[in-house]
Amino acid sequence: MFSRLSRLAGLVGAGTFIAISAACAQDLTGAGATFPDPIYKKWFSDYAAKTGVKINYQAIGSGGGIKQLQEQTVDFGGSDAPMTDDEISKAKGPVLHIPTVLGAVVITYNLPGIDKPLNLTGDVVARMFLGKITKWNAPEIAALNKGVALPNKDILVVHRSDGSGTTYIFSDYLSSVSEAWKTGPGKGKELQWPVGLGGAKNDGVTAQVKQTPGAVGYVELAYARQNKLPVAAIKNAAGSFMAPSIESITAAGAGIAAKLPATSDLRISLVNAPGKDTYPISAMTFILLYQNQTDAAKGKKLIDFLKWAIHDGQASAGSLDYAPLPKNIVAMLDKRLGTVKVVASK
């Protein structure tokens, strides 16, 4: 009996040691947005190979990332939605927003037999997600896609079920182009959806659309591309129908970045940016960190990684359907990262 208990205690002790060792094996931990998860996975792998620093990131959605940063259960958060003043007031100190890449939220759909990308306007997309346009061959869609044999099929809306920066970007755009959306669901990481099915994270919405003929959803571009789903061309502020691409996302960022004052806190929106070559549902995604770091070693590792990401890491953005940061924003970030300091923990 004693021998069995000793063996059991030994196994429990070993299991505890393994769990502690696994936790200690990570130099930095983060959580948040799924929008940048594909490139973050690559960056963390490349950076570990280069420096030996291991970074664990849980893609749980922007809302979760902000909450964990506020509670200081992670070293950094990830969010596509800039923190509100109210959210910052609930943090344990000043928070810096560090843009990492530019990306696009796309309208993806499942319409067998339709090979040509559909043209859509913001108003039509808003009415689809409001449940006002319910058929794929509705006159409003047909007028934008002359010569396309649209099916007499119900539109099934798929949206995020979790607190999501992708939802924030999508609803920010719709609020800028549709009064009905602005005064209805409005803008936010979580909404009261009038119609549709919910999917968890970008990959959950992607899976729902992929397996459901007639479905339409919104996801980050990389998720649609990786799953070989079509994406719509969206009419921009200049009246051009633009497909999401590295070039059209870059154009959206450049147009707005050029006008930023050096004092900007970078909590800015890129949606519906000016210019004939811009994709209108473009956005920056952010890493969030405390300006006052209480752990000198971790603080240095985080700053070193972020400096690598905004410089060397940008070279891999295009291969994963993201656009690199504008040069003037990188210059602003170099100065901003220089303001991070170590303070004594309380």
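Predicted model: local features only at pLDDT ≥ 70, side-chain atom pairs only at ≥ 80, totals over all residues.
A crossing of two helices is left-handed if the near helix is turned anticlockwise from the far one by less than a right angle, and right-handed if clockwise.

Helix 5 passes helix 7 in a left-handed crossing. The crossing of helix 2 with helix 12 is right-handed.

| Helix pair | Residue ranges | Axes come within | Crossing angle |
|---|---|---|---|
| helix 5 and helix 7 | 122-129 (helix 5), 165-177 (helix 7) | 9 Å | roughly 115° |
| helix 2 and helix 12 | 37-51 (helix 2), 296-310 (helix 12) | 11 Å | roughly 115° |

Which residues build the first contact? On the helix 5 side they are G122, D123, V125, A126 and F129. Helix 7 answers with F170, Y173, L174 and V177. By class, the contact of helix 5 with helix 7 has seven nonpolar residues, one polar and one charged.

The second contact draws on W43, F44, D46, Y47 and K50 of helix 2. From helix 12 come D304, F305, W308 and A309. This contact of helix 2 with helix 12 divides into six nonpolar and three charged residues, with no polar ones.

**Helix 7**

Helix 7 has 13 residues. From first C-alpha to last, helix 7 reaches 19 Å, close to the 18 Å expected at 1.5 Å a residue. Of the 13 residues, 11 are buried, so helix 7 is largely enclosed by the rest of the structure. The buried residues are G165, T166, T167, Y168, I169, F170, S171, D172, Y173, L174 and S175. F170, Y173 and L174 are among the buried residues of helix 7, and these three also take part in the contact with helix 5.

**Helix 11**

Helix 11 covers residues 246-257, 12 residues in total. At 1.5 Å a residue they should span 16 Å, and the end C-alpha atoms are 16 Å apart, which agrees. Where do the buried residues of helix 11 sit? They are S248, I249, A252, G253, I256 and A257. They cover an arc of only 165° around the axis, which puts them on the same side of helix 11. An α-helix has 3.6 residues a turn, so residues three or four places apart point the same way. The cover over the buried residues of helix 11 includes strand 4 (95-109), helix 10 (221-226), strand 10 (241-242), strand 11 (282-290) and helix 13.

M242 lies in strand 10. Its relative accessible area is 19%, so M242 is buried, the cut-off being under 20%. Beyond its sequence neighbours up to four places away, M242 touches A232, A233, I234, N236, S248, K276, D277, T278 and Y279. One of these, S248, is a buried residue of helix 11. M242 and N119 are 123 residues apart in sequence and 8.6 Å apart in space, C-alpha to C-alpha.

L337 belongs to helix 13 (residues 327-337). At 2% relative accessibility, L337 counts as buried. Leaving aside neighbours within four places in sequence, L337 is in contact with I98, I303, L306, K307 and I310.

**A partly exposed residue**

Is A142 buried or partly exposed? At 31% relative accessibility, A142 counts as partly exposed. A142 is found in helix 6 (residues 139-142). The C-alpha atoms of A142 and Y322 are separated by 31 Å, the two residues being 180 apart along the chain.

Terms used:
Residues numbered from 1 in each chain as written. Heavy atoms only, no water. Helix = DSSP H or I, 4+ residues; strand = E, 2+ residues; numbered from the N terminus. Buried < 20%, exposed > 50% of the residue type's maximum accessible area, 1.4 Å probe, protein only. Contact = heavy atoms within 4.5 Å. Expected span 1.5 Å × (residues − 1). Arc of directions from axis to C-beta. Axes fitted to C-alpha atoms, helices over the stretch in contact; angles between N-to-C directions. Nonpolar A, V, L, I, M, F, W, Y, C, P; charged D, E, K, R; others polar.
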